[in-house]
Amino acid sequence: MWPGDASCAACFTFDLDAEEVWIGEDPKNADRLGVLSQGTYGPKVAVPAILDLLARQDVRATFFVPGRVAERHPSSVRDVVSAGHELAHHGYTHRGVTTLEPAEEEDEMRRGLEVLRSFSADISGYRSPSWELTPQTLSLVAKHGLTYTSNLMDDIRPYRHEGGIVELPISWVLDDAPHFWFDGASWTRKIATNEEVWSIWKAEFDGIRAMGGAFVLTMHPQIIGRPGRLPLLEKTISYVRSHPDVWVTTAHDVAGVV
Ligand code: ZN
């Protein structure tokens with residue numbers, strides 16, 4: 001299903017949640033500077049480092065950004081867009097859509113898009129905060145002029161939903177958060193090492209390539225952008241790019257082949 005002689009597609013996606021992931025979990029976190037600082041690290045330190053790394057590797061990536069993150073960190077989002085990366089929708093706030101009333105969910109869709117379209121005219125993708133959909137999400141995505149979503153785990157290749165919206169499937173195993181996330185609620189949980197995550201990601205890439213699927217890595221700048229983990233990101237990109245039969249591109253382009 002891939003262009004030319006490609007046997008597999010790969011895209012590197014970053015959910016730039018910044019402070020909103022914690023505020024979405026609990027509005028009281030808006031006043032907790034220590035909690036928020038974990039998210040601020042993303043636009044402040046991680047994004048510039050990740051943009052340098054992507055430029056060095058000559059890779060165009062996709063950044064899913066909540067509207068309120070773009071309002072709070074406009075220069076970070078401008079840097080992403082001017083470096084040629086795809087900007088995509090990740091809610092307005094970072095509240096899970098299943099916790100919202102239907103009208104609130106549409107408001108999130110509309111307000112997020114309004115903000116993101118002031119940075120880029122080409123917004124075509126939607127990833128919900130927390131990867132969950134409601135029965136109306138796909139029709140909202142279509143109504144607001146988007147063409148693909150990247151939220152479900154039921155395939156390794158993009159496919160079309162009834163109604164025409166394309167799905168670009170993801171997986172927990174290809175997300176940095178389950179391996180590296182740490183907070184006070186999981187105090188005794190061990191943080192994975194790069195070596196553990198590398199062996200998981202490499203095995204998954206090799207398997208997806210053998211099966212002709214799309215390798216969609218979901219990362220968060222505040223997690224993968226730690227100084228000790230940037231080399232893992234670079235190693236992963238280098239490994240993927242060392243295979244000439246792998247089409248490395250944006251989520252928009254991968255979703256576009258369906
Ligand atoms: Zn997110």
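Me: Why is D107 called partly exposed?
Reply: The relative accessible area of D107 is 28%. Buried means under 20% and exposed means over 50%, so 28% falls in between and D107 is partly exposed. Keep in mind that this is a predicted model.

Me: What makes D107 and R110 a salt bridge?
Reply: The closest N and O atoms of D107 and R110 are 2.4 Å apart. The cut-off is within 4 Å, so the pair qualifies as a salt bridge.

Me: How do you know that D107 and R110 are separated by about one helical turn?
Reply: Both residues sit in helix α5, and they are three residues apart there. R110 is partly exposed as well, because its relative accessible area of 35% lies between the limits of 20% and 50%. Elsewhere, salt bridges that share partners tie E19, E20, R68 and R72 into one network.

Me: How many salt bridges are there by this rule?
Reply: The count comes to 16. One of them joins the side chains of R95 and E108, with 3.0 Å from N to O. This pair links distant parts of the chain: R95 lies in the loop between β3 and α5, E108 lies in helix α5, and 13 residues separate them.

Me: Is E108 buried or exposed, and what makes you say that?
Reply: E108 counts as buried, because its relative accessibility is 6% and the limit is under 20%.

Me: What makes E106 and K143 a salt bridge?
Reply: Their side chains meet at 2.8 Å, N to O, and the cut-off is within 4 Å. This pair also links distant parts of the chain, with E106 in helix α5 and K143 in helix α6, 37 residues apart.

Me: How much space lies in the largest pocket, and which residues are closest to its centre?
Reply: The largest pocket holds about 440 Å³ of space. Of the 20 residues that line this pocket, V21, H94, S130, W172 and H220 are the closest to its centre. Helix α1 gives the largest share of the lining, three residues. By type, the lining has seven nonpolar, eight polar and five charged residues.

Me: Which residues line the second largest pocket?
Reply: Among them are W22, Q38, Y41, F180 and R229. Helices α2 and α9 each give two or more residues to this lining. The volume of the second largest pocket is about 240 Å³, and its lining divides into seven nonpolar, two polar and two charged residues.

Me: Which residues have the most contacts inside the largest nonpolar core?
Reply: F12, F14, I50, F63, V65 and F215 do, in a core of 55 residues. The element that gives the most to this core is α2, with seven residues.

Me: What is F14 in contact with, leaving aside its neighbours within four places in sequence?
Reply: Its contacts include I50, L54, F63, M219 and L233. There is also a second, separate core of 15 residues, with F64, W131, L168 and V254 among them.

Note on methods:
Residues numbered from 1 in each chain as written. Predicted model: local features only at pLDDT ≥ 70, side-chain atom pairs only at ≥ 80, totals over all residues. Heavy atoms only, no water. 1 Å grid on protein atoms, 1.4 Å probe; cavity = no way out; pocket = protein on both sides within 12 Å on 5 of 7 lines; lining within 4 Å. Points joined across faces, edges and corners; volume = space filled by probe spheres on them. Helix = DSSP H or I, 4+ residues; strand = E, 2+ residues; numbered from the N terminus. Nonpolar A, V, L, I, M, F, W, Y, C, P; charged D, E, K, R; others polar. Core = buried A, V, L, I, M, F, W, Y, C linked by side-chain atoms within 4.5 Å. Buried < 20%, exposed > 50% of the residue type's maximum accessible area, 1.4 Å probe, protein only. Contact = heavy atoms within 4.5 Å.
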